[in-house]
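Subject: Structure handover

Hello,

Here is the structure for you to look over. My notes follow below it.

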Amino acid sequence: MRTGSSTEHISAWRAQLDCGFPQVADVFADCMSEAAALLTPDGIHAYLEQGRFLGKMGRGVEPVLIFLQEWPQVAAILGESALAPIMDAVRVMTKSPNSHAITPFLQSLAAIARRLPSQEQMQHYLDLTLDYMERTSVSIHGIHKTYASPSLPDFFLQSPLLLSLLSIEGLRNWVAYGVRNYSHHPERQRDYFSLQSADSRAVLQRERHGTLLVDHTRKLDLYLLGLWQDADHLVPYSLGFDELRKPIPYFDQLGIRLPDVYDDCKGISGLDRYRAALAHMAAHRRWSGAIFADNYSPFQRMAVEFFEDARVETLAIREYPGLRRIFVALHPAPVEGACDPQTHSCLRHRLAMLSRALLDKPQAPTHGYQDAALNDFVRRFHAVMEQGESSTEEIAALALSYVAKTRRQSDQLPKTFFTDTEVDFRDDNRHLWRFHELSDDEEMFEEHRQSIAAEEVKGLPPRHYPEWDYSSQTYRPDWVSLYERLHPSGNAADIDRLLAKHSALAKRLKRLLDLLKPQDKVRVRYQEEGSELDLDVAIRSLIDFKSGSTPDPRINMSHRTDGRNIAVMLLLDLSESLNEKADGSDQTILALSQEAVSLLAWSIEQLGDPFAIAGFHSNTRHDVRYLHIKGYGEHWNDDVKGRLAAMQAGYSTRMGAAMRHAAHYLQAQTADKKLMLILTDGQPSDVDAPDERLLIEDARQSVRELDQQGIFTYCINLDPQADAYVSDIFGHQYTVIDHIERLPEQLPKLFMALTR
C-alpha cells in the first residue's frame, strides 16, 4: 500500500527528517511525492531515518540531498530491503578516513543499481568496495587507518562506466589488479582508478568479454513475449563469487535468474545462449508439471530431470526447428566409456550421453553411441513423443524404467563422474518437484529497470607488449612501450675489412657450408604452369594434337629444393655493458660481436636461409628500442653492412619485450623451422626494475610463449657468470662462451650445429 503526500504528511515527514539545510527544503516536497508513489509506509519511515542520519553526520548538505533524490528510484529497482546493507556501507565509510567518498558513492548509486538490478549483485559490489577501501587506506601505526584511500572517490565516479563494460566479476578482477600493483603509489593509484593510465585501460579491455545480460534485457524480454507468449523479470547473478558450487539458471514465482554474462561458446553467440536458456525454461513453463518428490531416490530424480529436459526441448524444437542446432552445439558430447565404473559413479555420465542422443533427429542420428540400452531408450522416447506432447508423469515412468534397467552397483560410489555432463543452458528443475513440507525462505527481489548503453573503450596505440609479473603470476598488459626504427647507417667498408681479417676462418667455414647446402633439386613434372618446358611431354602433346586427340595441357615443369627450410632471427643485446673490453683482449665486446655477426650473416647468406638481424636496448619500460639491421627481404649487401658497422651500445637489457617483438616478424615467415638466436652479455635488467628476478622471469615467460608459437629460441651468452641465471630463462637451450675473443669463430659453427 502506498501513501498519499498531503500537506499534513509533508509536515510530519519534514519533522521526522529534522534537517535544517535550506537546499533540502527547496526540493523536499518533490522528493517525498516520488517516494510516496514508490515506497511503502515502512519504506518511507526507513528512508527518512537514514536521511536524518546523513544530515547529522557532518559532511554537509550533499549526501542527504543526493540520498533524498536518488533512493526512491534505487528502491524501485533493488527493493526496499536493500537500504540496510547500503547504509551499513555508508556507516563503515563514516567511521574511517574515507567519509569524503560518501557523496560520490551515493551519487553513483542509481546508475549502479541499473547495472546490478538484484540485491545479490549489489551486495557483491558493496563487499568489493569495502574491501578495496580497506586495502588502499593507509595505517601508520598498524591499528587504525590514518589516511584515506587516494582513489576511492575516483572509483565511485567511474563505477557506472566500468559496470557498463564489465560483469561484476570482471570489475572485481580490474580492482584487484589496481590494488595489487599500485597500493603503495598514491598518484599512480589515482591514475589507474580514474581510468587515466594506459595500464588501467588495458586491464579493462582484457576483462571486458562476453555478452552482458543487462545490455540485452529488452531484446530478451521481447523474445520471451513474442515467441513464447511469456513474460517475467530477468534477474542476473554473478558466477565469480561462489567458490563451492556455481549457481545455474532457474525460475520461480519471483522471476527468471540468469548469469550476468555469457561468452561465445562453440560457435554460438552469448545472446543466442541466453535465448537457448530462455527457450528451455519457457518450454518447461508451458509443458512441465510438478510431481511429488518424496517417494523418489536422488538417482531417480536425476533421471526424471534428464528425460523431462529432453521432452520439453523436443517440443520446443517442433515449434522452432532452428533451436536444434543451438541445443546440439551447446550440449556436451560425453565420450562413451570415459567413466571408469571401478572408481566413479557413472549414472550421470550415462544420462548425459542419453540426453545428447535424444537431441538428434530420429531419422539421422549423429551421436555415434553403441550402447544397446541407450539406443533402446532413445527409440522408446521418440515412440512416446510421436503420440503427442506426452506428460511429465509419463516421461517420469520412462525414466524410472531406464534407471531400473541400467542400474549398476558402482552407481552407489561416492565419487561422481562430472566430465562433459553439465548442460549449462538448462535450469536446475526446482519447479518439477513438490514437497509435502514447503519452505518459506524465498529470496525477495523487485522489478529491474532498463540498462544504460555501454560506452566503447578506446584502443591503445600499437607496439605495446605485456610483461609477466612472477609475484602475482599475471601479465601486466601493455606494460612495455617498444619503439622500432631502422638502424642508422655507417661505413660498409669497415665490415668488409673485418671479413678480410678472418679470411682464413671464412675459407674453413665455406667448406663446412658446402656440406650443408641443399644439393637435391627435384623436378616436379606435369604442370600446367611452371618455370620450364617439359620437352618429352610437350612433344607427346603435339603428336596427340596433330593426330586429332585431345593433348595433355600439363607440358611444363618446375623445381623444388628437397632440403633446408629454415628461417632465422638474430637478436642482439646492445646494452651499455658491450662497451667494456673483453677479458684477455684489446677489443670491446661490441667490436667482437660485430665481427662474429658479420661472419654469421655471411655464412647464412651462403646457405640461402632467410634471416633477419635486429638489436635492442631499453631505458625503462616506457622506452624499449628495437633497431632493424637486416630484414628478411634484404640480401647481405652494403646497406646491411653499413648498419652493422654503425652499431652502438647503451642503456639496459629488457629482453622479454624485444623477443616478443622479434617473434612478430619471425612468425610471419613460411618455414618448417623457425630459429631465434639471442646474443647477449648479461642477464635481463633495467633501471626501473629493482627486483632482478622480475625481468628474468619475464624473459622466461616469453621463451615459453615463443615455444607455443613453434619458434625455437637459443641463447649465446658472453657472461662467464651466466650459468646462475641463463638456464632459468632458456632451459638447456643456451651456450656460454667463456673466451669471448673466440666468438667470431664459435658463433657460425654453433649456428651450423643447430641447423644441421
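A definition to begin with: buried means under 20% relative accessible area, exposed means over 50%, and partly exposed is in between (1.4 Å probe, protein chains only). By that rule Cys31 is buried, at 6% relative accessibility.

This is a predicted model, so local features need pLDDT of at least 70 and side-chain atom pairs count only at pLDDT 80 or more, while totals for chains, interfaces and linings use all residues. Residues are numbered from 1 along each chain as its sequence is written, and side-chain values use heavy atoms, with hydrogens and water left out.

Cysteines

A disulfide here is a pair of cysteine sulfur atoms within 2.5 Å. Searching the whole structure gives 1 disulfide. The bond runs between Cys339 and Cys346, with an S to S distance of 2.0 Å. The disulfide is left-handed, because the torsion about the S-S bond of Cys339 and Cys346 is about -85°. Cys339 is buried, at 8% relative accessible area. Cys346 is buried too, at 3%.

Cys715 is buried, with a relative accessible area of 0%.

Aromatic rings and charges

Rings of Phe, Tyr and Trp (its six-membered ring) pair if their centres lie within 6.5 Å; planes under 30 degrees apart are stacked, over 60 edge-to-face, and the rest tilted. There are 21 aromatic pairs in the structure. One of them joins Tyr262 and Tyr274: a tilted pair, 4.6 Å centre to centre, with 55° between the planes. Tyr262 is in strand β5 (residues 261-262) and Tyr274 is in helix α14 (residues 270-287), so this pair ties together parts that are 12 residues apart in sequence. Helices (H or I, at least four residues) and strands (E, at least two) are DSSP runs, numbered from the N terminus. Tyr262 and Tyr274 are both buried.

There is also a ring cluster. Ring pairs link its members, which are Phe105, Tyr132, Phe155, Phe156, Trp174, Tyr177, Tyr182, Tyr192 and Phe193.

Helix packing

Helix α5 (residues 83-94) packs on helix α8 (residues 119-136) at an angle of about 5°, and their axes are 10 Å apart. Axes are lines fitted to C-alpha atoms, for helices over the stretch in contact, and angles run from 0 to 180 degrees between N-to-C directions. The two helices, α5 and α8, are therefore roughly parallel. Angles under 35 degrees count as roughly parallel, over 145 as roughly antiparallel, 65 to 115 as roughly perpendicular and the rest as oblique. On α5 the contact uses Pro85, Ile86, Ala89, Val92 and Met93; on α8 it uses Gln123, Leu126, Thr129, Leu130 and Met133. Contact means heavy atoms within 4.5 Å.

Positive phi

Most residues other than glycine have a negative phi. Ser390 has a positive phi, near 60°. Ser390 is in the loop between α18 (372-386) and α19 (392-406). Its relative accessible area is 22%, so Ser390 is partly exposed. Tyr651 has a positive phi as well, near 65°. Tyr651 lies in the loop between α24 (638-645) and α25 (655-666). At 41% relative accessible area, Tyr651 is partly exposed.

Three further residues

Thr713 is in strand β17 (residues 711-717). It is buried, at 1% relative accessibility. Leaving aside neighbours within four places in sequence, Thr713 is in contact with Met659, Met676, Ile678, Val703, Leu706, Phe730 and Gln733.

Glu697 is in helix α26 (residues 692-708). Glu697 is buried, at 12%. With neighbours within four places in sequence left aside, Glu697 is in contact with Trp468 and Tyr470.

Gln594 is in helix α23 (residues 589-607). Its relative accessible area is 13%, so Gln594 is buried. Gln594 and Pro744 are 150 residues apart in sequence, and 8.5 Å apart in space, C-alpha to C-alpha. Not counting residues up to four places away in sequence, Gln594 touches Leu498, Leu644, Ala645, Ala646 and Met647.

Best wishes
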